[in-house]
Amino acid sequence: LQAERAPKTARAAELVKRQKDALAKAGHEEKAAAGISAPASDSAAAWRAQETRAAYAALSPSERNAVLNGPDTDIETLLAIYHAPSLTNTLSARDRETVEDRLLERHDPQRHAAHKAAVEDLRRAEYALGVAKGFVNRSRVAGIRERIGAEPESPGAPGIRERLLAANEAK
């Protein structure tokens, strides 16, 4: 059975790798288009960013959280916080992801939503590939399904492979 699966899983692994590379490139392009890839270069913008970071650093943790998650926080403020030098950066990894996500979403909501959906599809494809290769311990499948947001399979319901194939055909 493993010998039968080998060519198919090798091809699937190649497709998953190609998709992962394409998503990484698209993510870099999305960041560049939103202005996330490099801090402001003109002196006035750099000065405003420095002042913004100093004011942000002086806030209490609850006030910082309100700035990061507030609906009225402008893009310039988020970019200044995001581009803080590592020595003065007060963002945790999770907060940094939140700021990046908000910046990308504000820049181009449709593109960002499509990219997030593609990343989620890739995660599910990697999971399905792991199952096909036998890397996933079937006794742990329920926990993994819960982590990736897949519904538990019930008798007669399409499995994850069928759902992935249907989603791919729909595109």
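This is a predicted model: local features need pLDDT of at least 70, side-chain atom pairs count only at pLDDT 80 or more; totals for chains, interfaces and linings use all residues.
How many salt bridges does a search of the whole structure find? The search finds 8 salt bridges.

**Overall make-up**

The protein chain has 8 helices and 0 strands. Read from the N terminus, its elements run α-α-α-α-α-α-α-α. The protein chain holds 171 residues, and buried residues make up 26% of them. Among contacts in the protein chain with a separation of 6 or more, 66% are between residues 24 or more positions apart.

**Salt bridges**

Side chains of opposite charge can pair when their charged atoms come close.

| Pair | N to O distance | Relative accessibility of each residue |
| Arg-18 and Glu-14 | 2.7 Å | Arg-18 47%, Glu-14 41% |
| Lys-20 and Glu-126 | 2.7 Å | Lys-20 41%, Glu-126 30% |
| Glu-120 and Arg-124 | 3.3 Å | Glu-120 27%, Arg-124 22% |

Arg-18 and Glu-14 form a salt bridge inside helix H1, where they sit 4 residues apart, about one turn of the helix. Arg-18 is partly exposed, and Glu-14 is partly exposed too.

Lys-20 lies in helix H1 and Glu-126 in helix H6, so the pair ties together parts that are 106 residues apart in sequence. Lys-20 counts as partly exposed, as does Glu-126.

Glu-120 and Arg-124 also meet through their side chains in a salt bridge. Both lie in helix H6, and because they are 4 residues apart there, about one helical turn separates them. Salt bridges with shared partners join Glu-120, Arg-124 and Arg-123 into one network.

Which residues lie closest to the centre of the second largest pocket? The space in this pocket is about 390 Å³. It is lined by 15 residues, and those closest to the centre are Lys-31, Glu-100, Leu-104, His-112 and His-115. Three helices each supply at least two lining residues: H1 (2-34), H5 (93-107) and H6 (109-133). H1 gives the largest share of the lining, with 6 residues. Sorted by class, the lining of the second largest pocket has 6 charged, 5 polar and 4 nonpolar residues.

Glu-100 lies in helix H5. Its relative accessibility is 18%, and Glu-100 therefore counts as buried, the cut-off being under 20%. The side chain of Glu-100 makes a polar contact with the side chain of Lys-31 at 3.2 Å, and Lys-31 is also listed among the residues closest to the pocket centre. Setting aside neighbours within four places in sequence, Glu-100 is in contact with Lys-31, Ile-36 and Tyr-82.

His-112 is found in helix H6. With a relative accessibility of 5%, His-112 counts as buried. The side chain of His-112 makes a polar contact with that of Asp-101 at 2.5 Å. Not counting residues up to four places away in sequence, His-112 touches Glu-30, Asp-101, Leu-104 and Glu-105. Of these, Leu-104 is another residue listed as closest to the centre of the second largest pocket.

**Arg-102**

Is Arg-102 buried or exposed? Arg-102, found in helix H5, has a relative accessibility of 14% and so counts as buried. Its contacts, leaving aside neighbours within four places in sequence, are with Val-67, Leu-68, Asn-69, Gly-70, Pro-71, Thr-73 and Leu-78. One of these, Pro-71, is 31 residues away from Arg-102 along the chain, and the C-alpha atoms of the two are separated by 9.7 Å.

Notes: Residues are numbered from 1 along each chain as its sequence is written. Side-chain values use heavy atoms; hydrogens and water are left out. On a 1 Å grid over the protein atoms alone, a cavity is a set of points where a 1.4 Å probe fits but cannot get out, and a pocket is an open set with protein on both sides within 12 Å along at least five of seven lines; lining residues have an atom within 4 Å of a point. Grid points are joined across faces, edges and corners, and a volume is the space filled by probe spheres set on the points. Ala, Val, Leu, Ile, Met, Phe, Trp, Tyr, Cys and Pro count as nonpolar, Asp, Glu, Lys and Arg as charged, and the others, Gly among them, as polar. A salt bridge is a side-chain nitrogen of Lys or Arg within 4 Å of a carboxyl oxygen of Asp or Glu. Buried means under 20% relative accessible area, exposed over 50%, partly exposed in between (1.4 Å probe, protein chains only). A polar contact is a pair of N or O atoms within 3.5 Å; within protein, one must be able to donate a hydrogen and the other to accept it, and residues adjacent in sequence count only if both atoms are side-chain atoms. Contact means heavy atoms within 4.5 Å.
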